[in-house]
Every structure is written in structure tokens, then in C-alpha cells.
Amino acid sequence: MASLVIYPAALDLARATATLALAMATGTTGLLSGTEAHALPVTDGSFSFSGDEGDYISGGQSYAYATASQDHMNVSANTDNRVVTLSVDGANGDWWTLSLGAPSGKTLTPGTYTGATRYPFNERTEPGLSLSGNGRGCNQLTGTFTVSAVEFGPQGYVKKLDASFEQHCEGGTPAARGEVHIENPAPPAELGLGLGIALDGTASSLNGKATFHGTVSCDKPVRVTVAGDVTQVKKRDLIRGSFSTSVSCTPGAPAAWTGTAVPTGSVPFQKGDVEVEGRATATDPDYNQPVTVNETVAVRLTRV
């Protein structure tokens, strides 16, 4: 069964297409753990490698790139900090991707990783390694890599990486050998959200809907979706409904929200207590990841 390799957003369609063809040629299934985080530009970094005569990836040549030389680099890690992927767009038009991964269930930490095979198709007990680019890639590979230093922030943020590697294609003796050095600023804090649900609401005598209100707070400017599931028990009737609304939130001042729940059946919401299971969700602008907070309260409805 063919497997699809997921590439960082900085890679264009041609690159993804070329690597998909390599993945289809292997007919194997990759084992991906964690979620790949949003790729971020490398502030200060360098990447270089060279190869023996007969090495397919390097063609026996040497390559060197650096942010100081206007070469563009992006880096990302899985949210479990197991795999780091670097993409390089050289000022001369070259493009390369390097992935270094610890065995499944382990975090990438300083040390030497032997017996590496092609990421992301490596077995669970094996480290993963892959250097590809400029239209070239290995169907199968073996290798080793050493991580001298690595520091992560939240959500797969890569603050620092110093590593070297050696890769052999298709069981051959010729090798590509290289190193990578990345230094990024300290990671931003993750988005903080707060959700408040007022303990009073209203039940409409005209349409049976229930209206709720409250506030949200944030420490970054975001658009927040507030949603909730509502349950009320009246005699033998179980009345349910839900609401959803969105508000803009800026740090320093709570933002007010109002939501209206429509009963799912023919029985309207009525005066009295209801249970509201509320949640506020927003996307962290620094990490491109959703953040959700939950709150469950008893709200007393008055009839209007």
C-alpha cells in the first residue's frame, strides 16, 4: 500500500510530487507519531553536506547554506518532540529536506543514533533519517546521526539543534555526510484563554430558546469561538440544545459574548436551572494550534 509523505508548508508542489513518487516505489507504510507543528523560519542557521563519489544524493559534490548568506530555512518538530525536519531553500535555487527522528515513543535528545532507516518508513524501534532534495531521494537508506544539542519549546518549537549525520542510499557504500546548526529566539508563551459563563440567563416565552452570556479573556489578540451544550430537566422532559458564537478578544480587557440555544425537540426551555457545558476555542497565532478551555456551570433561567 502506497504511503503519502507530509512535507513542511514551505515546500512547493513539485517537491511533494517528487517525493510521493519515491514513497510509492517503496510500497511501505510510514509510522508517524505526534502532530507536525507549524514550520517556523530559522533565525540563525547553517546546513552543509558532501558526498563520496557514487553517492546519489550529493552526486559527489559539496553543498553549504546559511541564513547569513540569504539562504532560507524552515524548521519544525512533531509535538511530541520526536522528529525534527529542516527544509532549505537556497538562494541559488537548491532545495533540500533533512529529517532526524528518535525511535517511536522517545524524545529526540543529545546522543548518537545508529541503525537509522528512511524516515518516515522506519520501524518503531529504529531511528529515522532522510536527506532528500533537488529531485533526488533514496528509496531505502541506512545511516547514523549524532545530536550534540537540541532544545524545544511548546508545540514543536525548535529553539536549538546541532547535529551531524551520515546516510547511505540503497545499501551502497558511498555516503552523504553533513551537519546542521540552528539557533532561534526563546519561544513565545502559549496562548492563554479564560472563559466566564454568567449564572443568569433567559428563556423566551415566544420561541422557547435560551440565551446565555459571559466573557472571555486572552493574552494574545485572537478570535474566540464560544460554544456550549445545554441540558434542562423539567418533570419527565429532558430538554437539550446548543449554542455557538464568536468574538474578538484583545489582551487586558474581557470580551463579552452572548449565545442562544435552540431546543432540539418540541419542548421549549423553561424557567429554572440548566446545566451549561461551555468551551472557548482560539488558534494560537504563534504556533498555529487550537487552544480550548472548558467550563461547566448551573445557570438559572428567567422567563421573558
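How many aromatic pairs does the structure hold?

Reply: This is a predicted model, in which local features need pLDDT of at least 70 and side-chain atom pairs count only at pLDDT 80 or more, while totals for chains, interfaces and linings use all residues. Residues are numbered from 1 along each chain as its sequence is written, and side-chain values use heavy atoms, with hydrogens and water left out.

There are 10 aromatic pairs in the structure. Rings of Phe, Tyr and Trp (its six-membered ring) pair if their centres lie within 6.5 Å; planes under 30 degrees apart count as stacked, over 60 as edge-to-face and the rest as tilted. One of the pairs is formed by Phe 49 and Tyr 63, which are stacked at 4.9 Å centre to centre with 20° between the planes. This pair links distant parts of the chain, with Phe 49 in strand E2 (residues 44-51) and Tyr 63 in strand E3 (residues 62-66), 14 residues apart. Strands (E, at least two residues) and helices (H or I, at least four) are DSSP runs numbered from the N terminus. Phe 49 and Tyr 63 are both buried, where buried means under 20% relative accessible area, exposed over 50% and partly exposed in between (1.4 Å probe, protein chains only).

Phe 243 and Trp 257 likewise form a stacked pair, at 5.7 Å centre to centre and 10° between the planes. Here too distant parts of the chain are linked: Phe 243 belongs to strand E16 (residues 237-249) and Trp 257 to strand E17 (residues 255-263), 14 residues apart. Phe 243 and Trp 257 are also both buried.

Phe 47 and Trp 96 are among the residues with the most contacts inside the largest nonpolar core, which has 37 residues. Such a core is a set of buried Ala, Val, Leu, Ile, Met, Phe, Trp, Tyr and Cys residues joined through side-chain atoms within 4.5 Å. Strand E10 (residues 158-169) supplies the largest share of this core, five residues. Apart from it lies another core, of 29 residues, including Val 216, Cys 218, Ile 239 and Cys 249.

The strands E2, E3 and E10 lie in an open sheet of 11 strands with mixed pairing, in the order E1-E4-E5-E6-E8-E7-E9-E10-E11-E2-E3. Its edge strands are E1 and E3, each pairing on one side only. Two strands pair if DSSP finds at least two bridges between them. E10 and strand E11 (residues 176-183) run antiparallel and are joined by eight bridges, and Phe 165 has Gly 178 as its bridge partner in E11.

Two bridges join E4 to the antiparallel strand E1 (residues 40-41), with Asn 74 as the bridge partner of Pro 41. Asn 74 is itself buried, at a relative accessible area of 9%. E4 also pairs with strand E5 (residues 83-89) in the antiparallel sense, over six bridges.
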